[in-house]
Amino acid sequence: MKVMTTTNFTDRLYANVQPIWEKNHNHPFVQGIGKGTLERDKFVHYLKQDYVYLIDYAKLFSVGVLKAQDLETMGRFAQVLHDTLHVEMELHRQFAAEFGISSEELEATRPTPVNIAYTNYMLNVAQNGSLAEVVACLLPCAWDYWEIGKLLSRQYSDRLSLHPYAKWIETYDSDTFADGAKWLIELMDELAAGKPERELAVLEKHFQMTSKYEYLFWEMNYYKQDWPI
């Protein structure tokens with residue numbers, strides 16, 4: 001007899017990913033942002049790499065449009081794609097300018113090996129997998145950035161007004177960013193409903209893998225890793 005449960009698939013994802021996310025949250029890059037002590041050159045490296053990351057991340061939403069099975073979901077993916085390209089990336093350019101990075105420098109940035117490995121993993125899954133697999137790859141970045149925004153706002157609320165990275169923290173702790181993360185969480189649960197364990201295990205593998213890539217992204221920027229040759 002099948003045992004009924006009210007637990008959502010994302011509850012399972014959240015519980016099982018905690019060892020990885022705790023390492024992300026305690027990474028010296030993330031904590032340096034929260035404290036306002038992160039070296040400026042490391043944050044500049046991050047801003048450039050995050051910009052070129054967003055270009056490929058946005059492509060996943062276009063795949064979402066292609067693989068969605070209803071107009072409402074298609075429209076939401078299309079809206080997020082538009083907002084990423086025309087709102088988020090413009091805000092990114094404006095924020096980068098505050099740190100002395102021109103639009104030309106952003107556009108000329110060459111992605112690092114870690115950046116390429118991360119985005120290529122997601123794009124390969126997206127092109128060859130189901131819509132649920134696309135969302136499983138998209139979700140860790142959106143969800144964990146929201147978690148980090150909330151965490152740093154709570155941990156360092158007494159010093160944000162004096163701090164060079166306050167705008168970054170406020171962005172990821174905002175209701176607007178939270179709404180996007182919540183939509184992906186809800187969509188993940190909707191798409192996972194009724195799937196057999198073998199398919200759920202594949203979705204969780206993607207979620208865990210991209211969460212690990214999030215850690216490698218922080219590591220790469222903290223040490224300003226680039227092509228050695």
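These are my notebook entries on a predicted model of one protein chain.

**Ground rules.** I number residues from 1 along each chain as its sequence is written. Because the model is predicted, I note that local features need pLDDT of at least 70, that side-chain atom pairs count only at pLDDT 80 or more, and that totals for chains, interfaces and linings use all residues, while side-chain values use heavy atoms, with hydrogens and water left out.

**Elements.** I looked up the helices (DSSP runs of H or I, at least four residues) and strands (runs of E, at least two), and I found ten helices and zero strands in the chain.

**Overall form.** Along its principal axes, the C-alpha trace spans about 60 × 35 × 35 Å.

**Burial.** I took buried to mean under 20% relative accessible area, with a 1.4 Å probe and protein chains only, and by that cut-off buried residues make up 50% of the 229 residues.

**Cysteines.** I searched for disulfides, meaning pairs of cysteine sulfur atoms within 2.5 Å, and the count came to zero. Cys-137 is in no disulfide, since the nearest cysteine sulfur, that of Cys-141, is 12 Å away, which is too far for a bond. I also noted that Cys-137 is buried, with a relative accessible area of 1%, and that Cys-141 is buried too, at 10%.
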